[in-house]
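Let's take a walk through a protein together. Keep the picture open beside you as you read.

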Amino acid sequence: MSFSLSPTAIDSPVLGGDLSAGASVSFVGRVRNVNEGRSVTALEYEAFDELAATEGMRIVEEAVRRFSIVHACCRHRVGKLALGEAAIHVEVLSGHRDEAFNACRWIVDEVKARVPIWKKEYYEDGVSEWLVPGG
């Protein structure tokens with residue numbers, strides 16, 4: 001845990017550079033080492049690439065309209081990921097923090113529900129299994 005005060009500039013990547021955006025909210029979903037009591041060693045994601053890209057873009061565009069945000073982006077990994085690696089990254093710019101937080105969460109939830117991406121977990125006991133979409 002950490003909190004600090006800084007007399008110098010705070011470096012933060014801001015998408016788009018739009019000065020009307022007073023809020024930037026970012027979410028990173030990472031590979032954790034446990035799921036439902038089982039020790040996880042890695043994850044693997046597969047996607048129906050063309051449909052995933054189309055539906056992912058629909059979600060981002062819908063978020064911009066629905067939440068009156070300035071900008072949004074989302075990236076989701078495919079392939080095998082090690083513990084701690086980022087699986088999804090969403091960043092949202094908005095005039096105010098409430099809209100940015102709400103839009104960011106909504107994008108993550110919609111990607112899990114609507115984008116054809118499948119997740120396989122690898123466990124410490126050597127077993128691996130595909131999980132139900134949206135998990």
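Is R77 buried, partly exposed or exposed? R77 counts as partly exposed, because its relative accessibility is 30%. Those words have cut-offs: buried means under 20% relative accessible area, exposed means over 50%, and partly exposed is in between (1.4 Å probe, protein chains only). Before going on, a word on what you're looking at: this is a predicted model, where local features need pLDDT of at least 70 and side-chain atom pairs count only at pLDDT 80 or more, while totals for chains, interfaces and linings use all residues. Residues are numbered from 1 along each chain as its sequence is written, and side-chain values use heavy atoms, with hydrogens and water left out.

Now for the overall layout. The protein chain has two helices and eight strands. Both come from DSSP runs numbered from the N terminus: helices are H or I with at least four residues, strands are E with at least two. Along the principal axes, the C-alpha atoms fill a box of roughly 50 × 40 × 20 Å. The chain has 135 residues, and 34% of them count as buried.

How do the parts of the chain touch one another? Take the contacts (heavy atoms within 4.5 Å) with a separation of 6 or more: 72% of these are between residues 24 or more positions apart.

Next, charges. Side chains of opposite charge can pair when their charged atoms come close. Such a pair is called a salt bridge if a side-chain nitrogen of Lys or Arg is within 4 Å of a carboxyl oxygen of Asp or Glu. This structure holds nine salt bridges.

Let's go back to R77. R77 forms a salt bridge with E85, and their closest N and O atoms are 3.1 Å apart. E85 counts as partly exposed too, because its relative accessibility is 28%. Elsewhere, salt bridges with shared partners join E55, R58, E62, R66, E110 and R114 into one network. Within that group, E62 and R66 meet at 3.2 Å, N to O. Both lie in helix α1 (residues 49-67), four residues apart, or about one turn of the helix. Helix α1 is also the place of E55. Is E55 buried or exposed? E55 is buried, because its relative accessible area is 12%. Leaving out residues up to four places away in sequence, E55 touches R114 and V115.

Another salt bridge pairs D125 with R38, at 3.7 Å from N to O. Here distant parts of the chain are linked: D125 is in the loop between β7 (117-123) and β8 (128-130), R38 is in strand β3 (residues 38-47), and 87 residues separate them. D125 counts as exposed because its relative accessibility is 56%, whereas R38 is partly exposed at 27%.

Finally, look at the cysteines. How many disulfides does the whole structure have? A search finds zero, where a disulfide would be a pair of cysteine sulfur atoms within 2.5 Å. For C73, the nearest cysteine sulfur is that of C74, 7.5 Å away. C73 counts as partly exposed, at 23% relative accessibility. C104 is buried, with a relative accessible area of 4%.
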